[in-house]
Amino acid sequence: MNMDIPTINALPYEDFVNIFGNVVEKCPIITAAIWSRRPFESLTDLEAAISQFIDALPESGKEGILRCHPDLAGRDLQSGTLTRESREEQAGAGMDALGPAEALRMARLNEDYKQRFGFPFVICARMNDKTRILQQLSERCQHERAVELERGVEEVKKVCRLRLQALVRTAASNKL
Ligand code: 2AL
């Protein structure tokens with residue numbers, strides 16, 4: 001589905017949330033909140049509204065957003081319970097095709113990360129491959145908690161941008 005900004009601005013609340021409710025993984029409350037910010041001038045403007053909403057949250061809110069994310073190559077992938085968006089992102093980065101040693105390393109590092117910070121490791125899978133993801137995971141386990149909270153949120157925003165772009169085409173290139 002592709003739509004331009006006037007079409008998006010005219011969407012009733014229910015449709016808006018149905019369409020954009022998962023641009024931030026399992027956080028439809030963000031989409032529901034930013035509907036009040038219509039009209040959006042552009043896709044960038046809509047993205048900025050989401051970004052500002054996230055930035056205005058207290059630390060616990062930002063942690064909550066990270067906790068809504070499934071582990072990469074984790075239990076949800078194995079049991080087939082990922083959201084469609086997450087499944088496609090994880091498959092694109094080869095998370096569904098790890099060898100046994102890689103899978104074990106990923107699982108251990110994900111657990112280490114969670115133990116250390118109290119929220120899961122989040123990275124924009126579409127901008128990385130499995131080698132980089134493992135490297136980043138191992139590197140980021142060494143960081144300070146505050147650094148990782150900010151970094152995780154930045155990665156959420158990258159994921160969000162790509163999900164939005166997949167749903168929307170800018171008015172200039174759209175015949176709607
Ligand atoms: C994810 C996910 O589901 N998609 C993505 O790009 N990153 N999860 C994660 N823990 O980083």
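Visitor: A crossing counts as left-handed if the near helix is turned anticlockwise from the far one by less than a right angle, and as right-handed if it is turned clockwise. Which hand is the crossing where helix 8 passes helix 9?

Guide: Left-handed: that is how helix 8 passes helix 9. Keep in mind that this is a predicted model.

Visitor: Which residues of helix 8 and helix 9 make the contact?

Guide: Helix 8 brings E102, R105, M106, L109, N110, Y113 and F117. Helix 9 brings K130, I133, L134, L137, S138 and R140.

Visitor: At what angle do the axes of helix 8 and helix 9 cross?

Guide: Roughly 30°, and the axes come within 9 Å.

Visitor: Stay on helix 8. Which of its residues are buried?

Guide: M106, L109, N110, Y113 and F117. Down the axis of helix 8, these buried residues fall within an arc of 105°, so they line one face of the helix.

Visitor: What do the buried residues of helix 8 pack against?

Guide: Two helices: helix 9 (130-140) and helix 10 (145-167).

Visitor: And which exposed residues sit on the face of helix 8 turned away from its buried side?

Guide: P100, A101, R108 and Q115.

Visitor: How far apart are the end C-alpha atoms of helix 8?

Guide: They are 26 Å apart.

Visitor: What follows helix 8?

Guide: G118, with a positive phi near 80°.

Visitor: Now helix 7. Which residues are buried there?

Guide: E85, S86, E89 and Q90. Seen down the axis of helix 7, these buried residues fall within an arc of 120°, so they line one face.

Visitor: What covers the buried residues of helix 7?

Guide: The cover includes helix 6 and helix 10.

Visitor: Where is A93?

Guide: A93 lies in the loop between helix 7 (84-92) and helix 8.

Visitor: Is A93 buried or exposed?

Guide: Buried. Its relative accessible area is 5%, and the cut-off for buried is under 20%.

Visitor: What does A93 touch, leaving out residues up to four places away in sequence?

Guide: A125, N128, D129, K130 and I133.

Visitor: Switching to helix 10. At what angle does helix 4 pack with helix 10?

Guide: About 150°, with the axes 11 Å apart. That makes helix 4, residues 43-55, roughly antiparallel to helix 10.

Visitor: Left-handed or right-handed, where helix 4 passes helix 10?

Guide: Right-handed.

Visitor: Which residues meet between helix 4 and helix 10?

Guide: On helix 4, they are L43, L46, E47, I50, S51, I54 and D55. On helix 10, they are V153, K157, C160, R161, L164 and Q165.

Visitor: Then helix 5. At what angle do the axes of helix 5 and helix 10 cross?

Guide: Roughly 55°, and the axes come within 10 Å. That makes helix 5 oblique to helix 10. The crossing is left-handed.

Visitor: Which residues of helix 5 and helix 10 meet?

Guide: E59, K62, E63, I65 and L66 from helix 5. Helix 10 supplies R145, L149, E150, G152, V153 and V156.

Visitor: Backbone next. Which residues does a cis peptide bond join?

Guide: R38 and P39, with omega about 0°. P39 is in the loop between helix 3 (28-34) and helix 4. In general, most peptide bonds are trans, and most residues other than glycine have a negative phi.

Visitor: What is the phi of K26?

Guide: Positive, near 55°. K26 is in the loop between helix 2 (13-20) and helix 3. K26 is partly exposed, at 40% relative accessible area.

Visitor: And what is the phi of A73?

Guide: Near 55°, a positive value in a residue other than glycine. A73 sits in the loop between helix 5 and helix 6 (75-79).

Visitor: Buried or exposed, A73?

Guide: A73 is buried, with a relative accessible area of 15%.

Note on methods
Residues are numbered from 1 along each chain as its sequence is written. This is a predicted model: local features need pLDDT of at least 70, side-chain atom pairs count only at pLDDT 80 or more; totals for chains, interfaces and linings use all residues. Side-chain values use heavy atoms; hydrogens and water are left out. Helices (H or I, at least four residues) and strands (E, at least two) are DSSP runs, numbered from the N terminus. The expected span of a helix is 1.5 Å times one less than its number of residues. Buried means under 20% relative accessible area, exposed over 50%, partly exposed in between (1.4 Å probe, protein chains only). The arc is that of the directions from the helix axis to the C-beta atoms. Contact means heavy atoms within 4.5 Å. Axes are lines fitted to C-alpha atoms, for helices over the stretch in contact, and angles run from 0 to 180 degrees between N-to-C directions. Angles under 35 degrees count as roughly parallel, over 145 as roughly antiparallel, 65 to 115 as roughly perpendicular and the rest as oblique.
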